[in-house]
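Welcome, and thanks for taking a look at this one. Below is a short briefing to read alongside the sequence and the structure.

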Amino acid sequence: MSVHDTVKDLLRELGTVKLVCVTKTVEPAMINEAIRAGATIIGENRVQELERKLEELLPSERHLIGHLQTNKVRKAVQLFDVIQSADSLKLLQDIDRKAGSLGKVQKLLLQVNISEESQKFGFAEGELGQVLAEVRSLRHVRVEGLMCMAPFVPAEETRPYFRRMKTLFGNIRDTYGNAGNIDIRELSMGMSGDYRVAIEEGATMVRLGSSIFGDREY
């Protein structure tokens, strides 16, 4: 099935859940095929990869979904509409400074290490309250939700992690709601192998790569 037809089918399946097309290693011609089919959001793992492709891409909303290194913050703020991988208070403060110098308010999701795996980035569940209290003092970022990655296990085994994320998301939304620079409305979770479980557990946004573009060798 072509990328165009795959995206059309996914959009029908997802309904109101937002589709982020993960375009790591995918060349612009194929990304543009997805955009022409109705995909409105692309997600890149690395700042430099989007920078390389950007001139050839059709208009779309651009999300950074991979870990952001401190030396790439300014460029990330220049290139991306949303940074989904804000994973430390220090990084949030740096994004705020760089966005301020560029006259921009940067949209963010807070990455949560819901599986508590040492090799993964993200806030611990218990840190979020303190972090959001600190975010109130920042003027050039806007936190719009949470993001997580489940462990690499069979799809059904991801359910407890996604369920915990939905509970955390609800608690954070109820506590912080929509005030100032915090507007908790997006829950980004689920990838090609487990997105259906993530949707059942409350995802508002899924990040799909191989489901659209096929398996890739990194």
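Among contacts between residues at least 6 apart in sequence, 60% join residues at least 24 apart. Please keep in mind that this is a predicted model. The notes below go from the protein as a whole to aspartate 94.

**Fold and dimensions**
- The secondary structure of the protein comprises nine helices and nine strands.
- A compact globule of 218 residues would have a radius of gyration near 17 Å, and the value for the protein, 17 Å, agrees with that.
- Taken along the principal axes, the box filled by the C-alpha atoms is roughly 50 × 40 × 30 Å.

**Burial and surface**
- Of the 218 residues, 51% count as buried.
- The protein exposes about 10300 Å², and 48% of this area is supplied by carbon and sulfur atoms.

**A look at aspartate 94**
- You will find aspartate 94 in helix H5, which covers residues 89-101.
- Is aspartate 94 buried or exposed? Its relative accessibility is 8%, and buried means under 20%, so aspartate 94 counts as buried.
- The side chain of aspartate 94 makes a polar contact of 2.6 Å with the side chain of lysine 98.
- Once neighbours within four places in sequence are set aside, aspartate 94 is in contact with Thr70 and Val73.

Key:
Residues are numbered from 1 along each chain as its sequence is written. This is a predicted model: local features need pLDDT of at least 70, side-chain atom pairs count only at pLDDT 80 or more; totals for chains, interfaces and linings use all residues. Side-chain values use heavy atoms; hydrogens and water are left out. Helices (H or I, at least four residues) and strands (E, at least two) are DSSP runs, numbered from the N terminus. Buried means under 20% relative accessible area, exposed over 50%, partly exposed in between (1.4 Å probe, protein chains only). A polar contact is a pair of N or O atoms within 3.5 Å; within protein, one must be able to donate a hydrogen and the other to accept it, and residues adjacent in sequence count only if both atoms are side-chain atoms. Contact means heavy atoms within 4.5 Å. The radius of gyration is taken over C-alpha atoms; the globule rule is 2.2 Å times the number of residues to the power 0.38. Accessible areas come from the Shrake-Rupley method with a 1.4 Å probe; for residues, only the protein chains shown count as cover.
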